Amino acid sequence: MSPTPKKTNPSSDVILEVKDLVQSYNGRAVLNGLNFKVRKGETFVIMGGSGCGKTTLLRILIGAQKPTSGSVHLFGEDITKASSQELDRIRLRFGMNFQFGALFQSMTVGENIALPLQEHSQVDPSLIEMIVKMKLELVGLTGFENFKPSELSGGMRKRVGLARALALDPELLFSDEPTSGLDPVMTAVVDQLTLDSTRKIGVTAVVVSHDMTSCFRIATHMLMLGNGPRQGEIIAEGTPDEIRANPDPFLQQFVRGEADGPIAFRLSQDDYLKHLLQEG
Amino acid sequence: MKFSFESLLNAGGSRLTYGLLNLRILGWILYGFTRPGILVPSQILSQVIRIGVQAIPMASLVSLSVGFILAMQSSTELGKMGADSFIPDLVSLSLMRELGPLLVAIIVVGRSGSAVAAELGTMKVNEEIEALRVMAIDPIRYLVVPRFIALMIMLPCMTIFGNCVGLVGGWAVCTLEMGMPSSFYIMRAMQRPELWDLFSGLIKTAVFAHIIITIACYQGLNVEGGAEGVGRATTSAVVYSILWIIIADTILTGLFYFVL
Ligand SMILES: Nc1ncnc2c1ncn2[C@@H]1O[C@H](COP(=O)(O)OP(=O)(O)OP(=O)(O)O)[C@@H](O)[C@H]1O
Ligand SMILES: [Mg+2]
């Protein structure tokens, strides 16, 4: 055997590395010492209950917000310490699909998608128009170029957001709940789009989602954030098969979507009955 | 020590104080002259129309009324002393030096300053500003600078136009009501003011334009907390702009009066 293994150096294909990430608001730790790595070509799905800090985590990963402590290495550079110029350079390499679209309300759908191209590429306008059409076709919105975001439904807006995030053909795509609010068919379309981007074009995707069907359909790696009593910690991490096999009751409740269990959203039915009877 | 415009563009990092906003606007404008594509003429033009041209009817109406008022008010007093012939002087001097710049600025605060604060504030609440940043598009360059340049160009133009409309108001009162010959009014109104009278007014106008647009953008970009925050920012933009316009006016008038 050769003593110097060359190209299979595992750290070289790490695109995103999070170390000891802490985010607290007014002394309450929403994210509490997270550590994980995303490798090139993965579809990394972040799951977790509402309010567990998924959006907060994504905002930190894209450099929109500085964490309380910890570091985030994106393409090998620590974005928590990067200057604005360095950040801008890194930002050209990824796209972000916001939870609520964040579309420019004063612009049409077409202009929204064209903006990153106009600003960052030397492509001429007729070609930009063509790329816009292609991106809209990808998300099933052909013919909606001249609509304003306010004239679209919530699910349509999300898909425009996704098209805009993909406009510059990024190496890395962040997507905050791309399928919430979509019908089953559109969910499948958007999942297929993520799959095509990652498997065929080689895009790495970091997707936040709490739609389990969709998660298992697209993920190559999954991470579950805790909430309630386990707020801010990673409950489980691994391949979809490892997650299915993980016996953690918290995780299993989430994966199966059951109302009763360790996730303390409400009192359990027994406790609830006791609570009511005591009050009476 | 090496100084570059680039260092101004991101002065202060992610914080945005009023001073930093001014530094960054300055940085982008200087940078924009050295590199094409940074200042987009079509965007500046659309802002010229939205925050300048569309405010002209209102500014004209106010200027016209002020012309009427100045002529009527002064005619009572000056008439008693038989100094009717000074009315045109008074109308044109007060418009150029003081009332033209001040009133047009206040109209623009109410119409355009508030609109800019509300628009940027809504964009902030909708995460649109965040989306721009994530696309590596600087919101100051993309949103603030075109509005800044547009108002710095338009407010002086509107003030000059307003002055002319005000003079027409004065003329209407003097000729139609007091029977002054038109030629006499025009001669007095044009002859009396010196170039400096116009310039001193335009210096004020430039300062007012700077106050209006920077305060509106600053309030808009710093909105926190939903629709309520947008409302608060809009109110603050209007209140602070008017306050600072009056303070700046006092200081400048004092400067012109005592020093120059
Ligand atoms: N600016 C802020 N100030 C204080 N607390 C905040 C702030 N932003 C988020 N939080 C808190 O952080 C927690 C996580 O919020 P976040 O938006 O990240 O949740 P999420 O996991 O994306 O939820 P959802 O699935 O409903 O979108 C929430 O409890 C919220 O109250
Ligand atoms: Mg969220």
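Biologist: What makes A:Thr55 and A:Gln99 count as coordinating the magnesium ion (ligand 2)?

Modeller: Keep in mind that this is a predicted model. Donors must lie within 2.8 Å of the metal, and A:Thr55 (OG1) and A:Gln99 (OE1) sit at 1.9 to 2.3 Å, so both qualify. A:Thr55 belongs to helix α1 (residues 54–61) of chain A, while A:Gln99 is in the loop between β6 (94–97) and α3 (109–120), so the pair ties together parts 44 residues apart in sequence.

Biologist: Why is A:Gln99 called buried, and why is A:Thr55 called partly exposed?

Modeller: Buried means under 20% relative accessible area, and exposed over 50%. A:Gln99 has 19%, so it is buried. A:Thr55 has 25%, which falls in between, so it is partly exposed.

Biologist: Now to the chains. How do you know that A:Arg59 forms a salt bridge with B:Glu130?

Modeller: The rule asks for a side-chain nitrogen of Lys or Arg within 4 Å of a carboxyl oxygen of Asp or Glu. Here the closest N and O atoms are 3.6 Å apart, so the pair passes. Across the interface of chain B and chain A, the rule finds two salt bridges.

Biologist: Which elements of chain B give two or more residues to the side that touches chain A?

Modeller: Those are α6 (128–134) and α7 (139–177) of chain B. α6(B) gives the most, with six residues.

Biologist: And how much area is buried between chain B and chain A?

Modeller: About 1700 Å², with carbon and sulfur atoms giving 58% of that. In chain B, B:Glu127, B:Val134 and B:Met135 lose the most area to chain A, together 32% of what that side buries.

Terms used. Residues numbered from 1 in each chain as written. Chains lettered and ligands numbered in written order. Predicted model: local features only at pLDDT ≥ 70, side-chain atom pairs only at ≥ 80, totals over all residues. Heavy atoms only, no water. Buried area = accessible area lost by both parts, 1.4 Å probe. Helix = DSSP H or I, 4+ residues; strand = E, 2+ residues; numbered from the N terminus. Donors = N, O, S within 2.8 Å, 3.2 Å for Na, K, Ca; no water. Buried < 20%, exposed > 50% of the residue type's maximum accessible area, 1.4 Å probe, protein only.
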